Amino acid sequence: MGYSKEEIISKCQQAFGDIKTFYKQLFINYNGKTEDTDELYTEVIAEFLCNNLSEFVEGIPQITREAPYRTKGHDGIFDADTPREEERIAMEMFNQSQRGFMYNHIGDIIDYQTPLKNRRSDVAGKIDLLSYDGSTLYILELKKPDSEESMLRCVLEGFTYMQTADKGKLLADFALPVYTTIKASPFVFKNGIQHQQMQEKRPQLFKLMQLLDSKPYYIEKENNIYRVEK
């Protein structure tokens with residue numbers, strides 16, 4: 001089933017009724033192009049967001065978590081047979097960092113699966129990975145190598161988590177300086193779908209990423225060692 005540009009914009013407008021869940025909408029991952037204007041669906045969505053940026057940014061409510069963001073028990077121990085691949089990758093990268101490996105561009109990974117909810121009823125996910133390079137705290141939105149989610153989804157999810165977090169408390173809970181810059185970044189595998197999309201002509205996506213200050217980093221794994229490049 002195909003959609004017109006107007007139909008995609010209508011879906012965006014409807015989803016703006018609950019901006020904190022905008023990134024979860026199925027149409028964010030639609031492949032293909034509009035039937036009438038021959039534009040990528042994701043480009044139409046990105047253009048809509050660029051044109052309504054203030055409403056998007058300001059419409060994501062902050063959740064102040066009473067419990068610490070730094071959770072006891074995050075020791076990197078996991079079941080190697082877990083079907084939750086992204087969580088396993090996150091913990092493997094955390095463990096590699098704990099052994100003294102410093103990743104290019106993002107520094108040390110200091111936590112994984114960082115909770116954002118204050119109450120169980122809160123609508124919020126978990127930050128896949130947090131890393132710190134001495135001046136910037138990165139909120140990394142990790143996607144597994146065969147993820148079929150769009151780069152647009154990855155950008156919006158990470159940014160939503162950053163806006164949801166109480167940034168002052170997040171820094172304090174990890175004993176980081178108050179002047180630390182906080183950025184949300186897609187954290188995806190080289191040659192995966194998200195990486196491939198970044199090699200294509202997607203001017204609206206690139207514009208949106210610039211406006212949100214969202215810079216992607218790419219993961220490679222060789223001989224069981226993870227490396228990061230930009």
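Predicted model: local features only at pLDDT ≥ 70, side-chain atom pairs only at ≥ 80, totals over all residues.
**Entry 1: Tyr-69.** I began with the neighbours of Tyr-69, leaving out residues up to four places away in sequence: Tyr-69 touches Ile-63, Asp-111, Thr-114, Pro-115, Leu-116, Ala-165, Asp-166, Lys-169, Leu-170, Asp-173 and Phe-174. Contact here means heavy atoms within 4.5 Å. Residues are numbered from 1 along each chain as its sequence is written, and side-chain values use heavy atoms, with hydrogens and water left out.

Tyr-69 sits in the loop between helix H3 (53–58) and H4. Helices (H or I, at least four residues) and strands (E, at least two) are DSSP runs, numbered from the N terminus. I looked up its accessibility too: Tyr-69 counts as buried because its relative accessibility is 0%. Buried means under 20% relative accessible area, with a 1.4 Å probe and protein chains only. I also checked Gln-113, 44 residues from Tyr-69 along the chain, and found their C-alpha atoms separated by 9.9 Å.

**Entry 2: helix H4.** Next I tested the length of H4 (residues 85–98): its 14 residues should span 20 Å at 1.5 Å a residue, and the end C-alpha atoms are 20 Å apart, which agrees. The expected span is 1.5 Å times one less than the number of residues. Of these 14 residues, 10 are buried, so H4 is largely enclosed by the rest of the structure. Among the buried ones I noted Arg-88, Glu-92 and Phe-94. What covers the buried residues includes strands E1 (108–115), E2 (126–132) and E3 (136–142), along with E4 (181–189), E5 (217–222) and E6 (225–229). Just after H4, I found Gly-100 with a positive phi of about 105°.

**Entry 3: nonpolar cores.** Which residues touch the most other members of the largest nonpolar core? They are Phe-22 and Leu-156, in a core of 52 residues. Helix H5 (residues 151–164) gives the largest share of this core, 8 residues. Apart from this core lies another, of 19 residues, among them Ile-89, Ile-106, Tyr-138 and Phe-187. A nonpolar core is a set of buried Ala, Val, Leu, Ile, Met, Phe, Trp, Tyr and Cys residues joined through side-chain atoms within 4.5 Å.

Leu-156, not counting residues up to four places away in sequence, touches Phe-22, Tyr-23, Ile-28, Leu-49, Phe-56, Leu-208 and Leu-212.

Notes: Buried < 20%, exposed > 50% of the residue type's maximum accessible area, 1.4 Å probe, protein only.
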